[in-house]
Amino acid sequence: MRAINLKTEHLKNPLGIDSRPPYLSWNCLDGIKQTAYEIQAESEGRILWNSGKTAGSKMNVLFGAEVKSRQRILWKVRLWDEDDRIGEWSTPAFFEMGILDKEEFAAKWINPELECDPKIHKPASYLKKIFEAPKTDCARLYVTSHGLYEVWLNGERAGDFVLAPGSSTYDRSLAYQTYDVTELLREGENEVLVILGDGWYRSCSGVDGDRNLYGEDIGLYFQLEADGKPICVSDETWLASQHGPLRENDMQQGEVYDATIEEITDYHPVRTADFGTDNFVCSNSLAVREKERFPGKIIQTPNGDTVIDYGQNLAGYVEFSLTAHAGDKIVLIHGETLDENGNFTTENFQDRKRHKEGGTEQKVTYICREGENYYKSRFTIWGFRYAKVVTDIDLRGAEFTSIAVYSDMEQLGSFECSDQRVNQLVRNSVWSLKSNFCDVPTDCPTRERAAWTGDMGVFAGTGIFLADCYPVIRKWLGECRLNQYEDGKVANIAPKNNVPGFFSGMLAGSVGWGDACIIVPYTLYQRYGDRRILEENYEMMKKWYRFLEGRAKQKPLNPIKRLKKNPYRDYTIETGVDYGEWCEPDVESTMAMRTPQGKVATAYFSYSGRLLADIAQILGHEDEADHYRNTAEKAKEAFRFIATEDGKIKSDRQADYVRAISFDLLNEKEKSQAAAELNQLVIRNDYHLNTGFLSTPSLCPVLAEYGYLETAYRLLQQDTMPGWLYAVKKGATTIWENWDGINEKGEVKNSLNHYSYGAVCGWLFEGVCGIHLQDNHITIQPVPGKMLQYAKAVYKSPVGEIISGWKYEQDMVVYEIQIPPNTEAKLILPDKEEKMLTAGLNTIRKSVN
């Protein structure tokens, strides 16, 4: 009887955090019902905090003592069961604080480059320093950079965070990392080598290929301490060289590596710089690490090219080994797919006219040394499955491996059913999540690499089923706060990945996209119950909603619209520019889409207002909650006025029905009628969807909720375009940006690695298998359908592992549901029968009607 899975700030044993107070959580083991807990925390051999026996079943708490810089705290939990029996202490966990007082930063910023031409790709910089170290049992390195860094102490790598310090709005928030380097130091003389690359800071970025977004310099901030005292800091005594083997490095374009000059002899003094430390923050998130590896298979394409197929589309980089002569060259160009003729292509993710360097290269150029050669990418990341090889080297005996690189998220959810195509769809969704959660969640790892608000707004609920991505999303929300406009608009992309212009500012007011600043924190709060996610983002939400209120009060320029009587005009959004549904099948994705923007915008105005009212209520802001609730209700009436006739929707677009129902903009009778009409629209469309970006995730849930389960299942299993299984049928290993990313002729367009349409997997967990977790309360409400013989979902939730599955056995449906210790669940069966389930395995058999 004990607590397990102890976490601080949703992280396991984090090193170098600055949250005050930290958030502690745990799960229960041995099937007990927790009635009380006790937490004991110690630091430097003395008790720092003891919660005492605290009644309650909750499995999280805010740390109850003051913390200080560099403090390492061990903490443990013991529990009491329903018979008031005390359990044993858990295995201790720890967290360690970073540097909390800016005055304690003792190093200087140093710039290794004596000159810098911002127009050209430059070599990596190599910096070194010899220093003396005392004997120590506690050595910590605090380090960050402009660009990317790797640190080597006495020939050993410090940590395994790749692409550090990560992506952020560097001029306002620059994360530094904390490493335990005790085992790497030796008493007496030591040598440190740091390699600096361009990184997100000054590499080509996004579809525009803009460079130097945050500055033309690179820089290093390095503070190595023994027993809390600096022993080596970055200053003017360091030496640097630009004559190492990494001749060019760019996050998007790739690397040039010359193995014939790996011995560096040409070092020069560095320059100090006055960049300051005011923007320093602790990471408080997951490290980016190398993960799965896939061996490459060499193939010959019809046009005679040599191509490596790694079998899995992913985001990452490569390593290879081969034998060659000095000066031999090998070039690898990386792409996602083969074209309609079976030849290698990168054209699907290019916009060569727009890109400042003529296109996204994703290329490695490697110049060999004599004999054995080994290369692994260092300061770049791409989206790819294939690599075109250009070389005269004999590749017999060569080995090529692709390496997935993403934030070190634990996979939480798995799903399987009788349809292997659906199982592949889930795997594809997981891989698109992995490919795009590299410190912040991006849309694709190839052309845009942009952390879009809209994508996260539709995917967050699914994402936290699939992986433990809470820290990544939380960090990204911080970037949204930093990039919010003064008038309340929310930048569509945060952090920025191009030079902001007129249109980016205008489109920052897009509904659905900006509303993610309310939707995403609320989604995280409902699943995890950590109200700090609401507190952190509340001001951003209020500013955004004030902006929407301002838009609603603006009068339309169109005189016909102005003259049309509208009693709810002050709550109707009729002006501005929105992305709207975006990417609706058979509708051109432009600002003048067929779906009227006023309907979409006013619907979100009501929906977000209702969520914001709930959030204000949770945070104790009663007057503000009343205001938002009242505004949302009037916006609802405004929507009904412009979008319905006596509560009836008139549209041939499925999105209009889905949004009105899922946003609760109709009464129950009207919703039932709208759902029936939606069902008929889908049937008339031969069980194909025509919803757009914003409403697609809610299509199957709405149909299933209102009794059209067969239609929902047929949509799920649709394998012709547009349908989720079309890409699976075409051999996809990730989710595509467009339903026809590869058409029936084999022609390719746009990104083949976007997670957004994978949001349907949320319905597999919450709908098909019926797992609902809100405010630590579990509800299981599965919806078995005969188009599948069985389905099973496993979810490692914040309260423990939940399993829900069902299968048909002759004239019976057998439900097998496992509830974690210290919880119970309400089971709602399709016939509306309700049962309370206790912890452990529960088996229920029901006759098929």
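Predicted model: local features only at pLDDT ≥ 70, side-chain atom pairs only at ≥ 80, totals over all residues.

Me: Which residues make the contact between α6 and α9?

Reply: From α6 come I518, I519, Y522 and Y525, while α9 brings Y604, Y607, S608, L611, L612, D614, I615 and I618. Contact means heavy atoms within 4.5 Å. The model's rules are these: local features need pLDDT of at least 70, side-chain atom pairs count only at pLDDT 80 or more, and totals for chains, interfaces and linings use all residues. Residues are numbered from 1 along each chain as its sequence is written, and side-chain values use heavy atoms, leaving out hydrogens and water.

Me: What makes D439 buried or exposed?

Reply: Buried means under 20% relative accessible area, exposed over 50%, partly exposed in between (1.4 Å probe, protein chains only). D439 has 3% relative accessibility, so this residue counts as buried. D439 sits in the loop between β36 (437-438) and β37 (440-441). Leaving aside neighbours within four places in sequence, D439 is in contact with P165, G166, S167, L286, V288, S407, V472 and K475.

Me: How do you know that K434 and E292 form a salt bridge?

Reply: A salt bridge is a side-chain nitrogen of Lys or Arg within 4 Å of a carboxyl oxygen of Asp or Glu. For K434 and E292 the N to O distance is 2.7 Å, so the pair meets that rule. The two are 142 residues apart, with K434 in helix α2 (residues 420-436) and E292 in strand β25 (residues 288-295). K434 is buried, at a relative accessible area of 11%, whereas E292 is partly exposed, at 24%.

Me: Why does the salt bridge of E113 and R202 tie together separate parts of the chain?

Reply: The side chains of E113 and R202 meet at 2.7 Å, N to O. E113 lies in the loop between β10 (109-111) and β11 (125-133) and R202 in helix α1 (residues 199-202), so the pair joins parts 89 residues apart in sequence. Both E113 and R202 are buried. By the salt-bridge rule, the count comes to 66.

Me: What makes a group of residues a nonpolar core?

Reply: Such a core is a set of buried Ala, Val, Leu, Ile, Met, Phe, Trp, Tyr and Cys residues joined through side-chain atoms within 4.5 Å. The largest one has 240 residues, and W26, F222 and F415 touch the most other members. Helix α9 (residues 597-618) gives the most to this core, with eleven residues. Apart from it lies another core of 15 residues, among them F105, Y170, Y176 and C282. In soluble globular proteins, nonpolar side chains tend to be buried together.

How values were computed:
Helix = DSSP H or I, 4+ residues; strand = E, 2+ residues; numbered from the N terminus.
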